[in-house]
Amino acid sequence: MKLNRLPILALAVAILAGSGCSSDDYNYGDKGYATLSFALDTDNQLNAGVIVRAAGETSIADALGVSYQNPSAADFTIELKDSDDEEVYKGALSGWDAKTPLPLGTYSVTATYDKDQVGVYPAGAPAFEGSTTFSVVEAKEYAVAIPVKLSNSILKVAYTDMFRNYFKAATVKAKSQGSSTEVTYDYNVTQGAFMTASNITINYILTPSQAQGANVKDVTGSLTQSLDPRTCYTLTFDVENVGGVKKFTITLNEENLVDVLLGENGEIDLNDDQYKNNGETNN
């Protein structure tokens, strides 16, 4: 899989170059210490299915449906530990001093970025994390790349043309467990939002296209789903015509969550003669 570098990866190199640290002016006489710079590699691909085995992957930008840019490397936090699990450094990547002498040995480094902001981008922010282990075996300058991947989920809401013929408005809201932010989706566009990889609650209110009398009511419902990290989920609202029988459905990728009949004998009383195009898509 091809890895795409973060936009400001040059920052890590600049830290080393700006320090004036090189084999010419650093005292390597001890032969027991090395110096170190960091860079980040990001994998922008997401699983496109409910579970990992589902076919295909998609990019973060495609999942969001908008122009997207990775966060700056300067905004990541890194934690460097030695082989005894003792902390060597913890703080902003930009704060790491590339002149720091490191004893020879094995190290692990973790990089994280998480503003804890769910929602539609750019108000909603991604969360990344990744780690690597490396060995310092001689007194020289090392450059270590840390691979990072999206650690939250993306939930996209989509409406088919058939659905829009039956419902003139839809309010869909999603809330991650433990989050105080409820994400509201725009009915006029297909859009994705960053969500915490956890259980989420989805509430929907659907308004029929035309009134059916004094007792007409909105269609409401609530769903609870578990979202995995680094996965794009598409929640699709649809009206299907199968063998002359019309059904209202909600699917999450390949999983059917709601499947109810329409019409006078169905759970939702929507009749074809109440609607333009009889629920068929426009030509």
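## Largest pocket

The lining of the largest pocket comprises 7 nonpolar, 8 polar and 3 charged residues (Asp, Glu, Lys and Arg count as charged; Ala, Val, Leu, Ile, Met, Phe, Trp, Tyr, Cys and Pro as nonpolar; the others, Gly among them, as polar). The space in this pocket is about 230 Å³, and of its 18 lining residues Asp 114, Asp 116, Gln 117, Val 118 and Thr 196 are the closest to its centre. A pocket here is an open set of points on a 1 Å grid over the protein atoms alone, where a 1.4 Å probe fits, with protein on both sides within 12 Å along at least five of seven lines, and lining residues have an atom within 4 Å of a point.

## Basis of the model

This is a predicted model, in which local features need pLDDT of at least 70 and side-chain atom pairs count only at pLDDT 80 or more, while totals for chains, interfaces and linings use all residues. Residues are numbered from 1 along each chain as its sequence is written, and side-chain values use heavy atoms, with hydrogens and water left out.

Phe 163 and Phe 237 form a tilted aromatic pair, with 5.8 Å between centres and 55° between planes (rings pair if their centres lie within 6.5 Å; under 30 degrees is stacked, over 60 edge-to-face, the rest tilted). Because Phe 163 lies in helix 3 (residues 161–166) and Phe 237 in strand 18, the pair ties together parts 74 residues apart in sequence. Ring pairs also link Phe 163 and Phe 237 into a cluster with Tyr 159, Phe 167, Tyr 187, Tyr 204 and Phe 248.

Technical notes. Points joined across faces, edges and corners; volume = space filled by probe spheres on them. Phe/Tyr/Trp six-rings, centres within 6.5 Å; stacked < 30°, edge-to-face > 60°. Helix = DSSP H or I, 4+ residues; strand = E, 2+ residues; numbered from the N terminus.
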